[in-house]
Amino acid sequence: MNATFGSGEYRYRIVDDWARLPDGWRLGDVAGVGVDRRDRVYLFHRGEHPLIVLDRAGNFLRSWGDGVFRRAHGVHMGPDDTIYLTDDGDHTVRKCSLDGKVLLTIGIPDAPAAFMSGEPFRRCTHTALSPDNEIYVSDGYGNARVHKYTQDGKRVKSWGEPGAGPGQFNLPHNIACDADGWVYVADRENHRIQVFDGEGRFETQWHNLHRPSGMYMPPGKCPICYVGEIGPYYEFNRGSPNLGPRLSILSNQGQLLARIATEPAGGTGPGQFVSPHGIAVDSRGDIYVGEVSYTAWPSMFPDRPVPPKLRSLQKFEKVVAT
């Protein structure tokens with residue numbers, strides 16, 4: 001595959017069949033992806049062996065988490081060789097060592113908060129860390145909140161309510177924080193990313209997005225933002241051009257820098273997506289995109305059976321200018 005996607009300094013080639021799993025293993029929905037400081041890739045997926053670790057070349061290293069997680073949703077890599085795993089199936093966030101030891105659990109497994117109560121958690125979605133290592137949790141399926149915790153799991157504050165105004169949410173699906181302490185929330189069904197200070201005060205919002213679902217911001221000041229936008233699913237606009245699914249690369253002011261997309265956007269061909277849900281970028285700028293393809297397929301292609309080996313992970317290798 002020699003075709004390139006993106007534009008300018010953000011151009012990529014697809015690495016076909018990148019992940020090499022043990023014989024008989026297959027990936028379910030890859031809901032979350034993380035990359036550690038050694039460029040090892042962590043796949044949090046909905047299937048047997050929920051956490052799979054690969055090296056940069058895609059070789060299998062190990063797996064863990066069997067019997068621990070109910071339904072994979074989000075991954076955030078800590079700066080101290082830890083990983084934060086958000087499980088929307090049992091309403092928890094677990095901080096783990098990179099070999100799978102559970103160091104902290106926030107939330108009570110299988111004890112969801114009441115619908116739209118504002119209390120944690122009702123199918124929480126993702127986590128992020130502040131510059132002071134405080135933990136932000138987006139709480140989106142059945143709640144409309146962001147919660148802030150200390151490293152020992154004590155809740156400091158919460159903000160947000162259902163709605164479409166500033167500081168309100170309609171499925172806060174992903175969350176990130178930069179080195180200046182700004183908090184970015186992918187407010188998926190409001191088609192925007194909202195930006196807050198560390199105390200939850202609304203600063204601004206980015207529009208011109210379609211259902212931002214996956215989101216990743218590299219560590220540091222003024223990071224760019226990688227956003228996985230998912231496509232429409234109603235019959236009347238399913239397959240409509242210019243709406244995704246796609247991967248957009250934005251400045252930290254919300255300006256579009258490049259986009260990995262094609263028309264038609266939905267599918268399993270080169271440059272197409274089914275539902276980009278988890279995103280991570282390694283030290284060389286390569287992008288790993290996890291997709292909840294099995295979950296999304298029936299709404300995207302209701303007249304077509306789910307393929308038996310549906311793709312749920314893609315690697316885009318950054319093209320270095322010569």
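## Strand pairing

In this predicted model, E22 and E23 pair in the antiparallel sense over 5 bridges. Val227 has Ser248 in E23 as its bridge partner.

Both strands belong to an open sheet of 4 strands, ordered E21-E22-E23-E24 with antiparallel pairing. Strand E21 (212-216) and strand E24 (256-260) are the edge strands, and each pairs on one side only. From one strand to the next, the twist averages 25°.

## Surface patch

The loop between strand E22 (225-229) and strand E23 (246-250) holds Phe236. Phe236 counts as exposed because its relative accessibility is 72%, and the cut-off for exposed is over 50%. Together with Tyr233 and Tyr234, Phe236 forms a nonpolar patch on the surface. The accessible area of the patch is about 380 Å².

## Aromatic pairs

A search of the whole structure finds 14 aromatic pairs. One of them is Trp25 with Phe60, an edge-to-face pair at 5.2 Å centre to centre and 75° between the planes. This pair links distant parts of the chain, 35 residues apart. Trp25 sits in the loop between strand E2 (10-14) and strand E3 (29-35), and Phe60 in strand E6 (residues 60-64). Trp25 is partly exposed at 28% relative accessibility. Phe60 is partly exposed at 29%.

Tyr216 and Tyr226 form a tilted pair, 6.3 Å centre to centre with 45° between the planes. Tyr216 lies in strand E21 and Tyr226 in strand E22, so the pair ties together parts 10 residues apart in sequence. Tyr226 is buried, at 5% relative accessibility.

## Aromatic cluster

One aromatic cluster is formed by Tyr136, Trp159, Phe169, Phe196 and Phe202.

Conventions
Residues numbered from 1 in each chain as written. Predicted model: local features only at pLDDT ≥ 70, side-chain atom pairs only at ≥ 80, totals over all residues. Heavy atoms only, no water. Patch = residues over 30% accessible without salt bridge, like charges linked within 9 Å, V, L, I, M, F, W, Y side chains within 5 Å. Areas by Shrake-Rupley, 256 points an atom, 1.4 Å probe, with all protein chains shown as cover. Salt bridge = Lys/Arg side-chain N within 4 Å of Asp/Glu carboxyl O. Helix = DSSP H or I, 4+ residues; strand = E, 2+ residues; numbered from the N terminus. Buried < 20%, exposed > 50% of the residue type's maximum accessible area, 1.4 Å probe, protein only. Pairing = 2+ DSSP bridges. Axes fitted to C-alpha atoms, helices over the stretch in contact; angles between N-to-C directions. Phe/Tyr/Trp six-rings, centres within 6.5 Å; stacked < 30°, edge-to-face > 60°.
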